[in-house]
Amino acid sequence: MRRYESVIILNPELPDDEIVGLTDRFGNVIKSNGGEIIKIEDWGSKRLAYQVNKKDKGRYILFDYVGSSALVKEVERQFKITEDVMKFLSVKLDEDVNLEAFKAAAQKEAEAKAVAATEALAPGAEESTEPAEAQPAEGPQVAMPAATEQEPIAATEQGRQEQESEESPAEASEGQASSPEQKPEEV
Amino acid sequence: MAKPQRRRPFPRSKVCRFCADPSIRMDYKEPNILRAFITERGKIIPRRISGNCAKHQRQLTACIKRARNIALLPFTVPRR
């Protein structure tokens, strides 16, 4: 069994109940073809980097599941014949997944959550730190973009500017030929 | 006759940012991280400028291309 992940972009003009309907339908396709769903995420309506089907926005849905290659084939076939799916991308995440181990881990997590819930009701034990431990996996990843986003842009931009200023006096013609789009003011 | 001038190496960041900070996870679903490694025209910034190590540049390239495929990153940014 392998672990896969499919991101699909749905028509953003669909009402919410239809989105849920489609999501359920694809979920059932996965289940009925011997797959196991790990999670389904709705990222909401996002701006596309380029137009797809003459639309600027798209509704992103992520399916994370375990199954065989035949399952992926079938799921992708379903995506293709559904007109409201504007784009899709399937990626293999893991080559060899033990489904039992996965289920056990999921169950443990659910149990921990249940314990945490009961602990929260009756306050004051060590177990209350467990949910905090379960989450950090996502914590740094989410927090990171804001912190690091600007640094590399500044660095590369500076690098390019210096590169340009070095090139332009001595080898203006060559610079122009090799990188015309980097110097819009000369064109 | 113009002598071929030795090109001075342009400044580059020497350390691979993904090696320096292992907490950064490269993922095609995180366009904000990837955006740091493409030009304003949407091209992938070469390793010699970004300073990435070969391994991470390879991973990065794959991630950027995937992100392009699901419209999280542009293939090109047209000049207006």
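A: In this predicted model, the buried residues of helix 2 of chain A are Leu71(A), Val72(A), Glu74(A), Val75(A), Gln78(A) and Phe79(A). Viewed down the helix axis, these residues fall within an arc of 165 degrees, so they line one face of helix 2 of chain A. An α-helix has 3.6 residues a turn, so residues three or four places apart point the same way. On the other side of helix 2 of chain A, the exposed residues are Ala70(A), Lys73(A), Lys80(A) and Ile81(A).

Helix 2 of chain A spans residues 69-81, which makes 13 residues. From its first C-alpha to its last, helix 2 of chain A reaches 19 Å, close to the 18 Å expected at 1.5 Å a residue. The cover over its buried residues includes strand 1 (2-10), helix 1 (16-32), strand 3 (55-67) and strand 4 (85-94) of chain A.

One of the residues in strand 4 of chain A is Val85(A). Val85(A) has a relative accessible area of 9% and is therefore buried, as this is under 20%. Leaving aside residues up to four places away in sequence, Val85(A) touches Phe79(A) as well as Ile8(A), Ile9(A), Leu10(A) and Phe26(A). Phe79(A) is also among the buried residues of helix 2 of chain A. Between the C-alpha atoms of Val85(A) and Tyr60(A) the separation is 9.8 Å, and the two residues are 25 apart along the chain.

Chain A contains seven helices and four strands, and from the N terminus on its elements run β-α-β-β-α-β-α-α-α-α-α. Of the 187 residues in chain A, 32% are buried. Among contacts in chain A with a separation of 6 or more, 68% are between residues 24 or more positions apart.

Asn53(A) lies in the loop between strand 2 and strand 3 of chain A, and its phi is positive, about 50 degrees, although Asn53(A) is not a glycine. Lys54(A) is placed in the loop between strand 2 and strand 3 of chain A, and its phi is near 60 degrees, a positive value in a residue other than glycine. Asn53(A) is partly exposed, with a relative accessible area of 48%, whereas Lys54(A) is exposed, with a value of 77%.

The model also holds chain B. Chain B has four helices and zero strands, in the pattern α-α-α-α along the sequence. Buried residues account for 44% of its 80 residues. In chain B, 59% of the contacts between residues at least 6 apart in sequence join residues at least 24 apart. Its accessible surface is about 5200 Å², with 53% belonging to carbon and sulfur atoms.

In soluble globular proteins, nonpolar side chains tend to be buried together. The largest nonpolar core here has 27 residues, and Phe18(B), Tyr28(B) and Leu34(B) have the most contacts inside it. At least two residues of this core come from each of strand 1, strand 2 (36-52), strand 3 and strand 4 of chain A, and from each of helix 2 (31-34) and helix 4 of chain B. Helix 4 of chain B gives the largest share of this core, four residues. Apart from this core lies another, of 17 residues, including Tyr4(A), Ile19(A), Leu71(A) and Val85(A). Leu71(A) is one of the buried residues of helix 2 of chain A.

Chain A has a mean pLDDT of 72, with 61% of its residues at 70 or more. Over residues 125-187 of chain A the pLDDT is below 50, and this stretch has 51 contacts in the model beyond near neighbours in sequence. Chain B averages a pLDDT of 87, and 84% of its residues score at least 70. For the complex, the predictor gives an ipTM of 0.76 and a pTM of 0.63.

Terms used
Residues are numbered from 1 along each chain as its sequence is written. Chains are lettered from A and ligands numbered from 1 in the order in which they are written. Side-chain values use heavy atoms; hydrogens and water are left out. The expected span of a helix is 1.5 Å times one less than its number of residues. Buried means under 20% relative accessible area, exposed over 50%, partly exposed in between (1.4 Å probe, protein chains only). The arc is that of the directions from the helix axis to the C-beta atoms. Contact means heavy atoms within 4.5 Å. pLDDT is the predictor's confidence in each residue, from 0 to 100. A nonpolar core is a set of buried Ala, Val, Leu, Ile, Met, Phe, Trp, Tyr and Cys residues joined through side-chain atoms within 4.5 Å. Accessible areas come from the Shrake-Rupley method with a 1.4 Å probe; for residues, only the protein chains shown count as cover.
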